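Open the model in your viewer and get ready to click through it with me.

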Amino acid sequence: MIDELNYSLPSNLNDAYSQLQEIHRKPLAGATDIIPRLRRTKLPIDTLVDISRIREINFIREHETEIEIGALTTHSEITDSALLQSTAISLLEASASIGCQQTRNRGTLGGNIANASPAADTLPPLLTFDAVVHLGSLDGTREMPLSKFLLGPGKTGLAVGELIEFISFKKLNRYGLAYVKSGKRNGMSIAVASAAVAIALDDNGRIEDIRLALGSVASTALRCPRAEKILIGKPLTKTHFKKAGEIVYEDISPIDDVRASASYRRSVAAALVMQVLSIAEGRLN
Amino acid sequence: MTNKQMVDFTVNGDHVSLSVKPGQSLAELLREELRLTGTKIGCSEAECGSCTVVIDGKPVLSCAFPALRAQGKNVLTIEGLSKLDGNGDTLHPLQQAFVLYGAVQCGFCIPGMLMTAYALLERNPDPTRDEVHHALKHTFCRCAGYPTIEKAVLAAAKAMRNGEPVELPELPESKWAEQVVGRVHVRPEAVAKVTGRALFTDDLKLEDMAYGRAKRADIPHAIVKSLDVSRAKSLPGVLAVLTAEDIPGDHYHGTIIRDWPSIVGVGEKIRYVGDVVALVAAESNEIATQALELIDVGYEALPIVSNPVQAHESGAVQVHDKGNLLKHIKVRKGDIDHGMEGADVIMEHTFHTATYDHAFLEPECSIAQLTLDARMEVFVGSQIAYEDREMVALALGWPEERVRVIGMLVGGGFGGKEDITGQIHAALLCNAIKRPVKVLYDRHESISYDVKRHTTQIRVKVGAKNNGKLVAVETELYGDTGAYASLGEAVMTRATTHSSGPYEMPHVKGDCFAMYTNNIPAGAYRGFGVMQSAFGVETMMDMMAEELEIDPFEIRRMNALHVGSVTNTGQILNESVGLLECIDRVEDEVKRLAGDTPFVSHPVPGEPNKRRSWGIAAAYKNTGLGGGVPDEAGATVELFEDGTVESRTSSAEIGQGLVTVLQIITAEELGMPIEKVRVLLSDTDLTPNGGPTTASRQTFMSGNAVRYAARVLRDALVSEVAEKYDISPKLIQFKDGCIHANGHTVELSELAQEMKQKGLDLRAKYLYSAPETKPLGEGGDMHFAFSFAVQAAEVEVDTLTGEVAVLNVIAANDVGAAINPLGLQVQVEGGVVMGVGHALTEKFIMDEGRVVTDRLAMYRMPNISQTPEITSIVVEEKVAAGPYGAKGVGEVVLVPTSPAITNAIYNAVGVRFFEIPVDQEIIARQIAAKS
């Protein structure tokens, strides 16, 4: 119950780690949904460790070949970042598409990743960046590719006492990036499907590298290896975009729920794939 | 056992230091501990935006923000907005603009809306329209004057940039404008609403107040076999647990039929998930909530019926002992068989409309307290104060004189605050523990258990001549009134009588079966059944037009009701039928915007997957109760010695602008400045009964009552002055707060003082009775006035995903006379936006009697970014009995929107809808199947 909770507001990572040693202690980042959830249901939580004041993991850093984003960076900070505007536009688009201004101001990148919702907006673009998750705890740090970190709805590779410190990815200077999503108006506000892409061309104008990721169509956000493979070496034509859409339609197996039927999700995902590819195409050079 | 911790922060410039519980939200802390009640809680699920405050420059949803996290922060609430310049009385330009533009209606969302807009302008002093939409996207306003809100924000931004006063809005005045009537006046309570000072029921915290909650069955159909409240009673902090046996008076309530149990007893029947089996009063809402879980109830589950058509079949599960049929409603005119025989073309289709939630942003709240002289006072934001008094008295087993209902502001009603919610429960608990008790629904309770719009099935069969002239319409409706009657009979009667549309028709046969089921009860909801049947008949009108190759405007024009027409209930329309003018003016405007072929599908440049087109629909809606029910409203008008006047009636201001209307009328009648008129509403001890705030009737009914009461007062003043100066009453004029009599000028204040000294009464009363109406089936005038409307909608459809955006709506409404043009503008906008929601986004879903959409996050009402450009065309065909010619408008604005949109979708992509809300999956699938 809310009445029996404890709360702490550590100001550095070490304090946070020492306070997170038990399973019923829950790190609180943006806190965009925990208070309503606590009011609604009994959660196995006895202590809220509010990590929002930890400055060490709120940053957007540029290295020669890499970008690093601290876990406590908010969606608004991502949206306002000139660096990410020029190097990770699809992540920016994903953050900008999240809920309302009030939520974007508080919701964090780390929180979006750790909640591991199949519909989490930032995951498809991060998957197309081949992002790496950097975890910390009292025992030190470790890192994991994001694609391995995501295990299922709400499930991740995060251990008890561990926090996401930051994510990193290699700069994609030659790539065209894009993110799109589609909602259903008479359902919940969460996307029916979303898609992100990163494309690079070779000197002949053919696709040299392509990374395509989808949200809301499986238990986690995921990449589409078969569609990627078929596009490698191909020119950017509507026919090939359509082919990629068709493969995605065949390969995914989304669920039926209140928001949308599985078949509708598949056709929307296919349409989004075509759409995201043509947006990314327009952003090459 | 709580683990309270200290938190220090700054609120509106003042440092505060408080001990709080870790799970407590900042909103609760602000409201309950600091008593800054301007910050509203609409949902407690970070969804509606009403609780928005600004923390260190950024807008934050305070209902989801842990209070302890405010440590060291700078919090700005609505109460601080007007004193940012160090002068507590100066409104911020945003507040000024919201007042001047009429962006404030019920006012509940306004603090959150203003704080969101404030944060936007701090960051971006010159936002575009799209940037305003993006920033305000998740701060909901159900009154939904979004276009006006947008204009107000942009006007405030401009004023702030230039350091100049806020520019006044441009709005046409009534063509029948008088001195005060028909001109632009700001809402008198707007300043209180933009500063956070306006009080809604939950903003009250009485001394020694306890908190009440209801234990709901959460099973749709069952017999209560056992009930054990002992564990709940022994929880520390619990003050009382009441069961059905503890009700001293009548166990049932209901607006027309008293069939709704306040508490269901052991051995009695649960008929829907929201039925109550026990009430708890406790020292806090949290303790009361915990106690609910300690109440043990045993049920014998019964099979359920969840569909009105099945409920009508023989052998269906019986919801009530008297059966499932609430009412079979019949409309007959001419000879339907003969009519159909004479038709060249006959078309028939069956339509379905969904269940819709009112989704007013202020959740239901009632507070009851006992006075020293053993009377029960109930504070509640209700649409029918006198009926609440009657129901509370019946439940207590007391005479009505011992109950006083004190109406608070209503944070949106739309018909959803006509039925009893917590009023009786609060009074029962208060009477049991002899302490004030607050019963506040949380959003989950409001959405899961309170009345909804009737889900309706409508079969429409239309016969027409080849030239487009309609000859016969047969309709059959099934309305799902849920577990209890509420206003089901009246709602479905209106649905049926309006089911053949606003058209002349020689032969009509309408049948409606209003059915009980184990679903959530359905009651009054803006449009009152007419919204549902209009979807059917207006879709059929377009289908018939297509079949006969006639223009959609033309088929409506050639069949439209006009002066001299006889309605399908046999009423001769003698006056005030502005339908043809609505059709003509909408057609002109559509063609001005879209050229001569608005109903053709157009591609969208640069967007190969999108198509656009327009669609139209027409509607009419009665003003007032009608159907032979005596319709009355009382008012008192009193002159004070300072020259001010107070007008009083028990009618509700639910955002529609009634206070402004009554103020305007009083000022007009007494020739005085509008600022000197106060309006007091909804206090059963102080205000005469204005009747229910329903059926678009208050401008007409309470407006007339106040108007005639003001005339009685004026006559008394005239005789006094005539006698004093010995002149003919005919020479006496009222102007600018003075009485002018043949060269003499007397100020109202002066005259009031003189008359007071003589012991004369300065109060005038009037009981207004509307023109008599006849019951359905007897012919004659079933209603004393009808309003008419035509809307055209332009949609853009994504052919791959099926998504629909409404780009433009042109709405013409015949309102008789526009008494309050500023209020009318936002009523039109709000009705259209609600219609967009009903057509596209909103759907309350039940599955086998259980509520699926039990949170606001699952019930999608339109936000500002889904709001079309709205053009309001005001048509003013006066009705003789109306005040200055006015008739109702609150409902008719919503009625044609849904079919105009679905007709536009058909014109854009060829997909016809027989069910709303539109399912975009169907659009995508049908388009894919065609290509």
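**Stop 1: the cavities**

Let's begin inside: the structure holds 14 cavities of 30 Å³ or more. A cavity here is a set of points, on a 1 Å grid over the protein atoms alone, where a 1.4 Å probe fits but cannot get out, and its lining residues have an atom within 4 Å of a point. Grid points are joined across faces, edges and corners, and a volume is the space filled by probe spheres set on the points.

Before going on, a word on what you are viewing: this is a predicted model, in which local features need pLDDT of at least 70 and side-chain atom pairs count only at pLDDT 80 or more, while totals for chains, interfaces and linings use all residues. Residues are numbered from 1 along each chain as its sequence is written, chains are lettered from A and ligands numbered from 1 in the order in which they are written, and side-chain values use heavy atoms, with hydrogens and water left out.

Now select Gln656(B), Ser696(B), Gln827(B), Val889(B) and Gly890(B). Of the 37 residues that line the largest cavity, these lie nearest its centre. The space in this cavity comes to about 590 Å³.

Next, colour three helices of chain B: H19 (658-670), H20 (698-725) and H22 (821-841). Each supplies at least two residues of the lining of the largest cavity, and H22(B) gives the most, with 3 residues. Helices (H or I, at least four residues) and strands (E, at least two) are DSSP runs, numbered from the N terminus.

What classes of residue line the largest cavity? They divide into 16 nonpolar, 16 polar and 5 charged. For this count, Ala, Val, Leu, Ile, Met, Phe, Trp, Tyr, Cys and Pro are nonpolar, Asp, Glu, Lys and Arg are charged, and the others, Gly among them, are polar.

**Stop 2: the domains around it**

Colour chain B by domain: domain 1 (210-302 + 362-411 + 417-449), domain 2 (455-625 + 777-930) and domain 3 (632-769). These bounds come from an automatic or database domain assignment. Why does the largest cavity lie between domain 2 and domain 3 of chain B? Both domains give residues to its lining, so it lies between them.

The centres of domain 2 and domain 3 of chain B, taken over C-alpha atoms, are 38 Å apart. Where they meet, 22 residues of domain 2 of chain B are in contact (heavy atoms within 4.5 Å) with 21 residues of domain 3 of chain B.

**Stop 3: the second largest cavity**

The second largest cavity has a volume of about 160 Å³. Select Arg216(B), Trp260(B), Thr421(B), His425(B) and Tyr441(B), the closest to its centre among its 16 lining residues. Strand S10 (260-261) and helix H13 (423-433) of chain B each give two or more residues to this lining. By class, the lining of the second largest cavity has 8 nonpolar, 5 polar and 3 charged residues.

**Stop 4: a covered strand**

Select strand S33 (residues 804-814) of chain B. Is this strand mostly covered or mostly open? Mostly covered: 9 of its 11 residues are buried, where buried means under 20% relative accessible area, exposed over 50%, and partly exposed in between (1.4 Å probe, protein chains only).

Strands count as paired if DSSP finds at least two bridges between them. Phe788(B) stands opposite Asp814(B) in S33(B). The two strands form a hairpin with 5 residues between them, and Gly802(B) in the turn has a positive phi of about 80°.

Then show strand S36 (residues 869-875) of chain B, which runs parallel to S33(B) with 7 bridges joining them. Here Asn808(B) stands opposite Glu869(B) in S36(B).

**Stop 5: a sheet in chain A**

Finish in chain A, where 4 strands form an open, antiparallel sheet in the order S11-S12-S13-S14. Strand S11 (176-182) and strand S14 (222-223) of chain A stand at the edges with a single partner strand each, so one side of each is left without a neighbour in the sheet. S11(A) pairs with strand S12 (residues 193-201) of chain A over 7 bridges in the antiparallel sense; look for Ser182(A) opposite Ala193(A) in S12(A).

Definitions and conventions:
On a 1 Å grid over the protein atoms alone, a cavity is a set of points where a 1.4 Å probe fits but cannot get out, and a pocket is an open set with protein on both sides within 12 Å along at least five of seven lines; lining residues have an atom within 4 Å of a point.
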